[in-house]
Amino acid sequence: MTQAAALDILKTGGNVFLTGEPGAGKTYVINQYINYLEAAGLSVAVTASTGIAATHIGGMTIHSWSGIGIRDTLTPYDLDKIATNEKVTRRAKKAQVLVIDEVSMLDARVLDMVDLVLKTVRQRAEPFGGLQIVLVGDFFQLPPVTKQGDMMVYAFQSRAWQNGGFLTCYIDEQHRQEDELFLSLLQSIRQNRVEEDHYTLLSEQTTIAYENIEPTKLFTHNADVDSYNLDRLRALKGQTRKYQMQGSGSKVLVESLARNCLSPEMLELKEEAMVMFTKNNFEKGYVNGTLGRVIDFDGMSGWPIVKTTDDRVIKVEPTTWEVVEDGKVRASIEQVPLRLAWAITVHKSQGMSLDAAEIDLSRAFVYGQGYVALSRVRALAGLKLSGMNANALSVDPRVLRQDALFKEESETAEGAFAEMSPEELAKMQENFVKAGGGRVPKPDEVKEGKPHERLQKESTHEITKRLLKEGKSIAAIAKERKLGNGTVWGHIEDLIDEQKLVLADLEHVLPPKWPATWKEIEAAIAAVGDEKLKPIFEHLGEKYDYDLVRLGRCYHRLKK
């Protein structure tokens with residue numbers, strides 16, 4: 001299912017499970033939907049299964065939002081106490097849509113308790129008290145954390161899920177990994193078809209292919225991370241600079257934000273410290289996961305100056321993390337958006353895209369850790385594997401069976417909505433908005449995802465288009481923009497899909513003897529299609545490299 005199709009289904013107001021592989025664009029779709037709801041005048045509550053995930057999306061944990069806290073069960077007394085909590089009842093009655101992110105880490109018992117609380121507080125017998133529930137996540141990633149002796153139960157095994165009538169939207173686009181061999185490996189893990197060749201491929205990842213990048217180490221245990229980072233910091237010469245986190249608002253929420261923020265409450269830095277940015281700021285040129293080194297400290301303000309792996313120099317000033325409810329900031333913390341980055345846990349890396357990582361899976365102990373760790377990087381060139389155990393890439397059979405069912409459900413939902421006329425679909429969407437007291441917004445009233453993210457994407461594609469039209473080669477564009485060839489090809493393919501390029505724009509990058517080469521590539525595309533590069537590459541007997549095959553695919557699409 002495409003992102004656009006999933007968004008259309010969300011707008012009809014049914015309960016939805018939004019899933020897909022890492023990099024499929026789940027967060028982008030949710031941001032689009034939240035912006036649509038806000039423009040329509042509907043109240044949406046944004047929550048997540050863990051505090052770390054909540055800080056990423058500017059919400060609070062579902063435990064805090066629903067009032068269940070750390071409870072494992074709900075007694076009649078507990079339920080009555082929650083139902084008389086003014087803050088909980090106000091937010092539950094006001095909300096029309098509830099988003100729960102990273103649902104793979106949400107225990108089934110928690111989802112059942114949320115369902116019971118909402119039915120009680122809203123005094124309605126429908127599932128979740130009549131709210132539209134949007135669950136977001138991927139069950140191949142980290143599972144729920146359980147107490148010793150307790151059986152781990154996934155959210156999809158809960159009564160609330162079974163009774164909720166969830167439509168599954170399984171997005172099958174891919175926007176993170178640009179390395180098709182690596183993507184094939186990740187898909188093999190998801191299918192529980194990891195073979196000897198895959199282990200051989202991983203065993204060959206002994207160095208990072210990028211120059212001037214020291215990879216972030218991913219460990220499975222906190223103690224290993226803390227010890228490694230502290231040792232590396234102490235080994236550096238020079239003065240230690242300290243930055244204390246500041247907080248304001250609800251004490252409980254401030255403590256929760258601080259506890260789950262990837263930047264520490266007391267950040268200690270020295271010159272030459274390896275750091276990672278912990279928040280997105282597209283205007284200043286960094287995202288959550290960008291790596292760099294501290295090269296100096298500003299003489300006036302004392303803020304660290306970081307040189308990123310692509311040689312950009314950024315003065316890093318404090319930023320804020322907030323809990324926002326009904327458009328109001330209930331709590332916020334302020335800190336320099338950095339953390340020491342010689343090492344980080346796999347758990348805290350979930351949701352990140354890393355430039356490069358050295359991964360130790362020798363002590364992997366739960367399903368999903370290996371998959372999450374490997375899928376943090378964009379390509380094999382950015383991966384170094386330093387340890388592996390026999391179970392690191394294993395998949396829970398329950399998840400494997402359920403994923404097949406999710407795909408079937410998604411295809412059924414997509415087919416059903418595809419049979420609707422545009423007028424029927426628009427009417428369903430209008431009815432949902434009007435039932436909530438809102439108004440269907442005009443397209444220009446809805447922000448396109450995160451504004452900075454959209455502008456960044458537009459500008460980077462436009463720059464590539466301009467350089468291509470100026471007659472520069474792919475290698476020259478990649479060098480000037482400090483990007484990989486694969487990224488530039490990705491821009492070109494997007495521009496072709498958007499009908500912003502014509503065949504003449506590629507003529508100067510065609511190699512000598514192109515007519516003969518093209519004849520072979522054209523025959524391969526006719527035989528295996530142009531959806532994936534690998535089948536074309538293999539059909540040609542690996543005669544041409546991936547860049548040339550990609551050029552052929554672009555040429556084919558422009559000739560249509």
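This is a predicted model: local features need pLDDT of at least 70, side-chain atom pairs count only at pLDDT 80 or more; totals for chains, interfaces and linings use all residues.
User: By class, what does the lining of the largest cavity have?

Analyst: Its lining has 11 nonpolar residues, four polar ones and one charged one. Here Ala, Val, Leu, Ile, Met, Phe, Trp, Tyr, Cys and Pro count as nonpolar, Asp, Glu, Lys and Arg as charged, and the others, Gly among them, as polar. Residues are numbered from 1 along each chain as its sequence is written, and side-chain values use heavy atoms, with hydrogens and water left out.

User: OK, and what's a cavity here?

Analyst: On a 1 Å grid over the protein atoms alone, a cavity is a set of points where a 1.4 Å probe fits but cannot get out, and lining residues have an atom within 4 Å of a point. Rolling a probe the size of a water molecule over the atoms shows where empty space is left.

User: How many cavities of 30 Å³ or more turn up in the whole structure?

Analyst: Five. The largest has a volume of about 100 Å³, where volume means the space filled by probe spheres set on the grid points, which are joined across faces, edges and corners. It is lined by 16 residues, and the closest to its centre are Phe140, Tyr367, Gly368, Ser394 and Val395.

User: Switching to strands. Which strands does β1 pair with?

Analyst: β1 pairs in the parallel sense with β6 (residues 167-171) over five bridges, and also in the parallel sense with β5 (residues 132-136) over three bridges. Two strands pair if DSSP finds at least two bridges between them. Strands (E, at least two residues) and helices (H or I, at least four) are DSSP runs, numbered from the N terminus. On the β6 side, Thr19 has Tyr170 as its bridge partner, and on the β5 side, Phe17 stands opposite Leu135.

User: Is β1 (residues 16-20) buried or exposed?

Analyst: Buried: five of its five residues are, so the strand is largely enclosed by the rest of the structure. Buried means under 20% relative accessible area, exposed means over 50%, and partly exposed is in between (1.4 Å probe, protein chains only). Val16, Leu18 and Gly20 point one way from β1, while Phe17 and Thr19 point the other way.

User: What's the order of the open sheet with parallel pairing?

Analyst: That four-strand sheet runs β18-β7-β19-β20. β18 (343-345) and β20 (383-388) are at its edges with a single partner strand each, so one side of each has no neighbour in the sheet. From one strand to the next the twist averages 20°, with axes fitted as lines to C-alpha atoms and angles running from 0 to 180 degrees between N-to-C directions. Inside the order, β7 (residues 216-219) and β19 (residues 357-361) share three parallel bridges, and Thr216 faces Ala357 of β19.

User: And which order does the open sheet of five strands have?

Analyst: β14-β13-β12-β11-β17, with antiparallel pairing. Its edge strands, each pairing on one side only, are β14 (313-315) and β17 (338-340). Neighbouring strands are turned by 40° against each other on average, direction ignored. β11 (residues 274-277) joins β17 through three antiparallel bridges, and Met276 has Arg339 as its bridge partner in β17.

User: Now helices. How many residues of α7 are buried?

Analyst: 11 of its 15, so to speak mostly covered. Among the buried ones are Leu111, Met113, Val117 and Arg122. α7 (residues 108-122) reaches 21 Å from first C-alpha to last, close to the 21 Å expected, which is 1.5 Å times one less than the number of residues.

User: How far does α19 reach?

Analyst: α19 (residues 485-497) has 13 residues and spans 18 Å between its first and last C-alpha, close to the expected 18 Å. Its buried residues include Trp489, His491 and Glu493. Just after α19, Gln499 has a positive phi of about 60°.

User: Why does Lys479 count as exposed?

Analyst: Because its relative accessibility is 71%. Lys479 is in helix α18 (residues 474-481), and its C-alpha is 20 Å from that of Leu354, 125 residues apart along the chain.

User: Where is Pro397?

Analyst: In helix α15 (residues 397-418). Pro397 is partly exposed, at 41% relative accessible area.

Methods
On a 1 Å grid over the protein atoms alone, a cavity is a set of points where a 1.4 Å probe fits but cannot get out, and a pocket is an open set with protein on both sides within 12 Å along at least five of seven lines; lining residues have an atom within 4 Å of a point.
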